[in-house]
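The following exercises concern annotated positions and ligand surroundings. Please work through each task before reading its solution.

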Amino acid sequence: MEGGVDYLADERKKAEFDVQQMKIVWAGSHHTFEISDRISKLVANDPAFSKDERTMLPRKELFKNTLRKASYAWKRINDLHLSEEEASQLRFYVDEPAFTDLHWGMFIPAIKGQGTDEQQKKWLPLAYKMQIIGCYAQTELGHGSNVQGLETTATFDPQTDEFVIHSPTLTSSKWWPGGLGKVSTHGVVYARLITDGQEHGIHGFIVQLRRLEDHRPLPGIIIGDIGMKFGNGAYNTMDNGVLRFDHVRIPRDQMLMRVSQVTRDGKVVQSDVPRQLVYGTMVYVRQTIVQDASCALSRAVCIATRYSAVRRQFGSHNGGPETQVIDYKTQQSRLFPLLASAYAFRFVGEWLKWLYTDVTQRLQANDFSTLPEAHACTAGLKSLTTSVTADGIEECRKLCGGHGYLCTSGLPELFAVYVPACTYEGDNIVLMLQVARILMKTVSQLGSGKLPVGTMAYMGRIEHLLQYRCNVQKAEDWLNPAIVLEAFEARAARMSVSCAKKLSKFANPEEGFAELSADLVEAVVAHCQLIVVSKFIEKLQQDIPGKGVKQQLKVLCGVYYLFLLHKHQGDFLATSCVTPKQASLANDQLRVLYSQVRPNAIALVDAFNYTDHFLGSILGRYDGNVYPKLYEAAWKDPLNDSVVPDGYHQYIRPLLKQQRSAKL
Ligand SMILES: CCCCCCCCCC/C=C\CCCC(=O)SCCNC(=O)CCNC(=O)[C@H](O)C(C)(C)COP(=O)(O)OP(=O)(O)OC[C@H]1O[C@@H](n2cnc3c(N)ncnc32)[C@H](O)[C@@H]1OP(=O)(O)O
Ligand SMILES: Cc1cc2nc3c(=O)[nH]c(=O)nc-3n(C[C@H](O)[C@H](O)[C@H](O)COP(=O)(O)OP(=O)(O)OC[C@H]3O[C@@H](n4cnc5c(N)ncnc54)[C@H](O)[C@@H]3O)c2cc1C
C-alpha cells in the first residue's frame, strides 16, 4: 500500500485464509511469485512507466510514448541483466501493447518452431538482441480465418536461387500484423509457395521489410499503419500494419524449412513432420492467450470487487451507514462467478502450459501423436476463456455503476484492449468449429475400438454416460466433485452424440456440418467447460499449503461449476443429465457458496497481488480511497485546463446571444 488510511482494512480482517499463500498459488510457485512481485513493483515505482495520461493522448503522441517505453524497458532489461522470465514479466507489467509483443511472442516462436537448426542459428541471435525486429505477417485484407485462402505468392526462381514475394491483388495486401505498420524490420510472411508453376500450400518466409540504416522500406515494399482502432489509448499503442510486395526477392534459405524444403533445383521435399506445424505458432500463442485471459479477468474483477465494498447505496437504518453494494445478492451473483472464473482460468491456463510444453518436447523427439489434442485444447480454451473474459470485463464495468464508465476506472480501456482477443489468433467461432470437427471425428470412431485420449477420454465411457442418472438428493450433494464431473461429462457427451446423430442423416457431411454448426458450437462449449471444471477439481487434489487456502479454492470451484450448471440448465435438463429438482438444489447450494465467498472477497482479489500501477484504476485502488481520488482526477482532464472552454466565443456565446435576442 502507498501509505495513508486503508478504507478496506475491515474487509481484509474478515479473510478466513492465508492471503500470502494464496498469492503463491495464484502465481504458480514461490519462484514465479517472487519474480512477479519484484518486477511489478519495479515497474510501478518507475515514473517512466506511468500510464496516467494514456487515454488522453492523440495517436501520434501515444505511439511515440509507447516507443519510448519499449526502448526504456529494453534498457532496464539489459542494465539489470534480467533473465528471459524476468524480462517477459517486465513487459507484461509495463502493460502497454507494443511491437515487442509480436517480436517476442510470435516472430521468434515462428522461427523457433518452423525454422531448421541452421535458420535458428542465423536469425535467433539477431532477434534476441533486437538487432532486427520482427512481426508475424499472415492475415490479409481478404483472408484471415481461411489461411489456405491467402493470396500472397512466393515463387521460386531457379535462375537466381531466390523466392519472389508478390501481392497479386489488393485483397492480398497483408493487413493487421502488429508491429508491422511502423516498426518491424523483418516479418515472417505467410505466402503460397509456387515452384515450377505448381502450388504447394502456405509456408512462412523471413522477409526483410525496412533498411537497417534508415528504416525506409526496401524496394518493392509498400508499408504503413492501418489506422485507429476501438477505444481511447487501448490497442492504438500498436502499429497494426498494411504491407504490399511488388516482386520482392529473397534468398531461398529464407523460407522456413522445418516442415518442407525447397531444393536448389526447385523440388519440394516434405519432412516427416506434419504439415500442420506451419500453424504451430498459433497453437503456442493460443495457449498464452488462455493464461492472459485469467490476468485480464482477474484485473477487472479486482476493480469491481474492491469498488463494490467501498460503494454504498440504500439501506441506512437510523442514520447508520448505507449498505455496501457487495452485500446485495444480485451483485454477488454477477461478481462472484467472475471471480471464480478468474481462478478457474488461471488453473486451466497452468495446465495448458504444461500440455504445450509436453507436446513441444514430444515434437522434438518426432512424436506427433498429441498434436491434435494440443490443437483442440488451445483452440477451444482460447475461445471459451476470451469470450467469457471480454463479457466479464463489461459486466464488471456495469457492476461499478456510473463510475465504471469513466476512463479513470480503468475498465473502458481494459475492455477495448481485451475484446479483440475474441478475434485475433483465430475468430472464436471458427476455432470452436475446429474443435467440433475433432469431437465429431472422435464420436464417429467410438465403435472402432480406437479409444479416445486426453481431454476426450471421457467419450470412451460413452455407454455409461448415455445411461447416467444424477443421484443428487440434497443441495450439499452438489459439493461432491465426482457427482459434478459425471454430470458435466454426461452433458458434453450427450450433446456431441446428439449432433453426431443429426449429422449422420445428411447425405453430404459438409452440408450437415454447416447446417448444424450452431448446435455444434454449443456442444464444444460444453466440452470446454468440462475441461475447465475438471482441471479445477484436479488442482484441488494437489497438496495446497496455507491456512484455509484449499477451502477457499473449493468454494470458488463450487461457485464456478454451479454457476455454469445454473446458466446452462437448459442443456442439463434437455439432455436429462439433471432433473428440475436437482437444478433447483444446485442453485440453492450456489447461494450458500456466495455467502461463503463474501467475507473473503477482498482478500481473494488481493491474492492477485496487482499493484495500483498495473490495475490503473481509481475504483480498484488497494486502499479503497476512491472519492477524493476521483474528484482530484477530474480536474486533471485537459478539458478543465481553462474555466471557459475553447470554442466559447465561436459557438456558445453566439448561441446564447441569439436565444436572448429571440426572447426580447
Ligand atoms: C501471461 C502471458 C501473456 C501473454 C499474452 C500474449 C498475447 C499475445 C497476443 C498478441 C496479440 C495479438 C496477436 C494476434 C496475432 C494473430 O492474430 S496471427 C493470425 C492468426 N490467424 C488465425 O488464427 C487464423 C485462424 N485460422 C486457422 O487457424 C486455420 O485456417 C483453420 C484451422 C481455421 C483452418 O485451416 P485449414 O488448413 O483449412 O484446416 P482444416 O482443413 O480445417 O484442417 C486440416 C487439419 O489440420 C488440423 N489443424 C488445423 N489447425 C491446426 C493447428 N493449429 N495445429 C494442429 N493441427 C491443426 C485440423 O484439425 C485438421 O486435422 P485433420 O486432417 O482433420 O486430422
Ligand atoms: C487487434 C488485432 C491484432 C491482430 N494481429 C495480427 C497479427 O499480428 N498478425 C496477423 O497475421 N494477423 C493479425 N490479426 C488478424 C486476426 O488474426 C484475424 O482478424 C482473425 O484471425 C479473424 O480473421 P478475419 O478477420 O478474417 O475474420 P473473418 O473470418 O472474416 O470473420 C468474420 C465473421 O465470419 C465468421 N466466419 C468466418 N468463417 C466462418 C466459418 N467457416 N464458419 C462460420 N463462421 C465463420 C466469423 O465467426 C466472424 O463472425 C489481428 C487482428 C486484430 C483484431
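Helices (H or I, at least four residues) and strands (E, at least two) are DSSP runs, numbered from the N terminus. This is a predicted model, in which local features need pLDDT of at least 70 and side-chain atom pairs count only at pLDDT 80 or more, while totals for chains, interfaces and linings use all residues. Residues are numbered from 1 along each chain as its sequence is written, and chains are lettered from A and ligands numbered from 1 in the order in which they are written.

**Exercise 1.** Determine which element gives the most to the shell around ligand 1.

*Solution.* A residue is near a molecule if its C-beta atom, placed from the backbone, lies within 6 Å of it. Around ligand 1 there are 29 residues, and Val 147, Gln 276, Tyr 279, His 375 and Gly 426 come nearest. Two or more residues each are given by helix H6 (99-114), helix H8 (280-310), helix H10 (371-399) and helix H12 (428-444). With eight residues, H8 gives the most.

**Exercise 2.** Describe the shell around ligand 2 by element and by class.

*Solution.* Ligand 2 is surrounded by 22 residues, of which Gln 138, Thr 139, Gly 144, Ser 145 and Trp 176 are the closest. S1 and H12 are the elements that give two or more residues to this shell; the largest share, three residues, comes from H12. For the classes, Ala, Val, Leu, Ile, Met, Phe, Trp, Tyr, Cys and Pro count as nonpolar, Asp, Glu, Lys and Arg as charged, and the others, Gly among them, as polar. The division is 11 nonpolar, nine polar and two charged.

**Exercise 3.** Locate Gly 178 relative to the strands.

*Solution.* Gly 178 is found in the loop between strand S4 (174-175) and strand S5 (186-195).
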